[in-house]
Amino acid sequence: MNAAGFPLLSLLTFLPLAGVVAILAIRGDEATVASNARWTALWTSLIVFVLSLILWARFDPRVADAQFVEQANWLPEFGVNYHMGVDGISMLFVLLSTLLTPICILASWEAVQNRVREYMIAFLVLETMMVGMFCALDLIIFYVFFEGVLIPMFLIIGVWGGQRRVYAAFKFFLYTLLGSVLMLLAILALWYRAGTTDIAGLMDNPVPISWQYWMFLAFFASFAVKVPMWPVHTWLPDAHVEAPTAGSVILAGVLLKMGGYGFLRFSIPLFPDAAAYFAPLMFALSVIAVIYTSCVAFAQDDMKKLIAYSSVAHMGIVTIGLFTFNQQGISGAIFQMLSHGIVSGALFLCVGVLYDRVHSREIARYGGVAKIMPAYALVFMLFTMASVALPGTAGFPGEFLVITGAWKSSGWVALGAAMGMILGAGYMLWLYRRVIFSKVTKAEVRGLLDLSPRELAIFAPLILLTLWMGLYPSSFTHVWEASVAALVERHEAALAIPRMAGL
Amino acid sequence: MMNWTLALPETLLAVAALVLLLVGVIPKRDMTFPITMGTLGALLIGAVLVLGTPDGQAFHGQFVSDAFARFAKILILLGAATGLLLALDWNEKQGIARFEFPVLVLLSTIGMMVMVSASDLITLYMGLELLSLSLYVIAAFDRDNARSAEAGLKYFVLGALASGLYLYGASLTYGFAGSTNFSAISTAVAGEGGVSLGVMVGMTFVIAALAFKISAVPFHMWTPDVYEGAPTPVTAFFASAPKVAAVALLVRVLADPFADLAEQWQGVIWLASLGSMLLGSFAAIRQPNIKRLMAYSSIGHVGYALMGLAVATDTGLRGVMLYMAIYIVMNAGVFAVLVAMRRQGRSLERIEDLAGLGRTDPAMALAMAVFMFSMAGIPPLAGFFSKLYVFLAAVQEGYWVLATVGVLTSVVGAYYYLRIIKIMYFDAADGALDPRSSAVSFVLAGAGLFNVLFFLFPAPIVAAAAAAVAALAG
């Protein structure tokens with residue numbers, strides 16, 4: 001049936017829900033419930049992570065098609081079936097989700113003291129939705145998971161967030177929903193045209209060109225908000241600033257990737273002509289995002305907001321890479337998504353470390369932290385360097401590949417992406433200087449404690465991955481090479497048909 | 001042929017209503033609880049009998065039993081039973097517990113069942129009036145409360161107007177088509193020489209009267225006032241069973257006798273659907289009273305359901321029936337929470353009164369959050385699938401305006417549903433609500449599980465709705 005010999009993907013997807021049931025069953029006073037809920041959630045997510053390592057071990061990178069495929073009847077007469085599987089593009093995103101979830105749970109160990117049970121349930125449900133979304137090979141199943149993410153995330157921001165959490169939670173929810181419902185209409189149109197929502201089935205039913213434009217725009221409405229692309233990015237800084245640390249980590253680490261993944265999985269293969277037609281628009285929006293949000297990042301005095309804007313800029317580089325339609329560009333975009341997932345997640349954790357101690361994210365409240373927290377300063381430096389794409393760290397291969405790919409399409413676009421790297425170095429180093437260096441003048445800073453063992457345990461896997469991805473990127477790129485090559489080939493073949501007909 | 005066994009469920013319930021009325025009068029002590037239980041038992045037996053009724057026509061073609069009627073009747077019985085369960089404890093605490101209440105609900109249930117089985121304009125009218133007269137009384141059931149009395153009166157005056165419209169439409173149809181029987185009207189409409197203007201005007205009046213019953217725009221004006229004024233469990237009942245019955249009836253009337261006039265009535269339903277979706281979402285935004293909010297929400301939901309009818313294909317009609325099936329369960333859950341809103345013996349109606357429910361009663365808050373996300377149409381909850389099927393039908397037939405407005409208003413709707421979640425989870429509590437009764441917990445648990453687990457096994461309900469619609473076409 002599949003390489004694992006048992007329904008591994010379903011297990012990965014639904015095992016967190018078993019953890020939810022276990023947490024719901026806990027009885028006792030508040031402290032007991034909180035501690036048991038934490039441990040149950042941690043163990044559940046760790047088991048899921050270990051199981052997901054089997055996925056990586058058994059994955060065959062030479063195969064371009066979906067592996068570990070599972071199929072079951074759901075609504076057979078409508079052509080909608082439960083169809084799961086991963087290919088080179090989605091496999092590592094599954095791992096990213098299963099890795100970040102236990103890290104988030106550990107990061108909230110002490111920071112969240114209030115309604116711990118509900119918090120852990122929200123995170124486990126979120127994990128189910130994320131993993132399910134990356135594994136889904138049926139559009140309706142994909143949409144169910146894609147939208148289902150909103151429910152736990154809305155609660156995480158709204159219940160455990162900061163001062164303006166209500167505003168941020170509503171903005172997050174309604175922005176994303178508005179984009180997604182338009183995609184739903186396009187999904188319905190595809191569904192009734194092809195009589196199936198199976199992705200493979202849809203690929204065999206090319207969409208007429210006149211339809212493609214509308215469909216592409218409808219999918220774009222959803223994914224552009226999720227990525228987020230300029231000018232619909234404004235929900236992101238609010239959501240990031242108000243979300244609890246772990247919420248920001250998962251938001252930056254996985255949720256933003258859903259948009260890029262969606263473009264790659266649906267928009268480009270299903271609507272090749274429209275994607276090619278709209279590529280200049282996508283480039284323009286991405287370059288504006290890269291340069292504009294980098295400039296905005298300079299003006300921030302809130303650390304989280306600065307990193308949030310840098311996320312928009314980095315995701316702009318991802319969308320540039322996706323719409324180059326060549327092997328380097330797309331490979332680079334995937335790499336950039338994975339590395340950004342790890343690095344920006346780690347940066348939010350770094351901010352969280354300070355926030356837990358001082359309860360402020362204002363840059364001006366800090367200064368000279370290096371003298372008090374040397375280990376922390378080192379960790380923060382590594383992730384800052386990774387964020388500015390220093391060679392040897394995770395940030396570099398992705399940006400380099402994207403710029404190489406973009407060069408093939410247009411020199412101006414490559415220039416825009418490269419500008420992002422330069423500006424990024426500017427604001428990240430400036431942030432680092434203001435927080436970590438200079439004299440210790442604030443009394444609060446003087447009393448800080450360096451990283452605790454728990455915090456070191458959180459950072460250790462991220463440090464390892466950041467260096468691994470930077471020093472030996474091909475152990476990751478070869479996973480998706482075959483799948484991306486197949487995608488590029490299909491895209492070029494699809495574009496060739498109408499031109500031939502035109503001749 | 002008489003073949004009266006086809007109406008066995010209705011007959012049994014009618015006999016039960018009379019017997020229960022007698023049983024309630026004779027003893028000296030308060031009989032509310034035993035009579036309610038008796039009524040619930042009768043509804044249950046009625047449901048079993050409904051499932052066992054074969055297809056066929058009875059009373060010289062006045063009454064029809066088919067899969068469509070059975071589907072609607074099961075929903076009606078379910079709605080009536082939850083209404084009764086919720087009323088049991090509430091009426092007691094409000095001091096208006098009287099044994100006539102369950103009997104009136106039972107009578108209105110019989111009316112609804114006759115309505116959805118009608119295959120003649122006169123049978124339809126009898127069912128409709130039996131339903132309406134019972135509803136007028138129970139709307140004003142809290143008779144010492146001015147708002148309840150006002151609700152009853154308002155409902156009566158406007159309801160009487162709707163009945164008048166219906167009779168006028170029916171008599172015009174009779175005059176021009178030559179019969180009140182559905183199949184005869186259908187033949188007359190399909191006949192050569194085109195459709196006479198009289199039949200069309202008559203049909204429009206009939207649609208207007210039924211639009212009043214389902215509170216579709218522009219015949220919705222009574223809804224917010226009646227929903228707000230009537231006792232909460234009565235509102236719960238109003239929003240479920242009669243709404244399903246009237247929607248089912250509208251589907252039957254338009255898809256059976258007036259099927260060949262589809263081009264004419266589609267436009268009317270199209271407008272009603274569009275208007276209801278827009279009004280239901282925008283008017284609810286600023287409502288401070290949760291019962292009024294639910295009134296507007298119900299108008300919006302009817303708008304979505306009518307989208308399937310406007311499309312007028314089998315897929316669309318199946319969407320309507322599925323929508324109503326899921327809606328009735330979501331609605332039961334929400335009203336269970338509303339019924340449980342009571343602090344120190346006083347019943348509460350402001351949305352703010354739910355503040356901090358996430359802390360004071362986490363289980364109920366969780367259930368309410370599920371219902372709210374479900375009503376907003378967020379997957380994987382049941383409410384998403386109800387919308388999915390009507391949108392699918394609309395997209396299939398190219399009704400892009402309806403579908404686009406539909407999804408956009410659902411985002412607006414999400415705003416006010418989220419507001420309730422925000423108040424429950426993000427705001428500080430004013431103090432705990434009184435402990436909820438076991439009937440409320442039962443309804444909450446049932447409706448909550450249905451909403452959460454629907455996505456696992458959608459096929460049986462979808463198949464039942466498909467069978468119901470197939471019976472209509474055949």
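User: Where is Arg115(A) found?
Analyst: Arg115(A) is found in the loop between helix H3 (88-107) and helix H4 of chain A. Please keep in mind that this is a predicted model.

User: What is the phi of that residue, Arg115(A)?
Analyst: Phi of Arg115(A) is near 50 degrees, which is a positive value in a residue other than glycine. Most residues other than glycine have a negative phi.

User: Which peptide bond in chain A is cis?
Analyst: The bond from Trp230(A) to Pro231(A) is cis, and its omega is near 5 degrees. Pro231(A) sits in the loop between helix H9 (209-226) and helix H10 (235-242) of chain A.

User: And what about Val217(B) and Pro218(B)?
Analyst: The peptide bond from Val217(B) to Pro218(B) is cis, with omega near 5 degrees. Pro218(B) belongs to the loop between helix H8 (197-213) and helix H9 (222-229) of chain B. As background, most peptide bonds are trans.

User: Let us turn to the two chains. How many residues does each of chain A and chain B bring to the contact?
Analyst: Chain A brings 34 residues and chain B brings 37 residues. Together, chain A and chain B bury about 3300 Å² between them, with 83% of that area on carbon and sulfur atoms.

User: Which element gives the most to the side of chain A that touches chain B?
Analyst: H7(A) gives the most, with 16 residues. By class, the residues on the side of chain A that touches chain B are 26 nonpolar, three polar and five charged.

User: New topic: what is the volume of the largest pocket?
Analyst: Its volume is about 1600 Å³. The largest pocket is lined by 43 residues, and Val20(A), Leu24(A), Leu366(B), Val370(B) and Val452(B) lie nearest its centre.

User: Which helix supplies the largest share of the lining of the largest pocket?
Analyst: H16(B) does, with eight residues. Among the other elements that each supply at least two residues of the lining are helix H1 (8-24) of chain A and helix H19 (438-453) of chain B.

User: How does the lining of the largest pocket divide by class?
Analyst: The lining has 34 nonpolar, four polar and five charged residues.

How values were computed:
Residues are numbered from 1 along each chain as its sequence is written. Chains are lettered from A and ligands numbered from 1 in the order in which they are written. This is a predicted model: local features need pLDDT of at least 70, side-chain atom pairs count only at pLDDT 80 or more; totals for chains, interfaces and linings use all residues. Side-chain values use heavy atoms; hydrogens and water are left out. Contact means heavy atoms within 4.5 Å. Buried area is the accessible area (1.4 Å probe) that two parts lose on being put together, summed over both. Helices (H or I, at least four residues) and strands (E, at least two) are DSSP runs, numbered from the N terminus. Ala, Val, Leu, Ile, Met, Phe, Trp, Tyr, Cys and Pro count as nonpolar, Asp, Glu, Lys and Arg as charged, and the others, Gly among them, as polar. On a 1 Å grid over the protein atoms alone, a cavity is a set of points where a 1.4 Å probe fits but cannot get out, and a pocket is an open set with protein on both sides within 12 Å along at least five of seven lines; lining residues have an atom within 4 Å of a point. Grid points are joined across faces, edges and corners, and a volume is the space filled by probe spheres set on the points.
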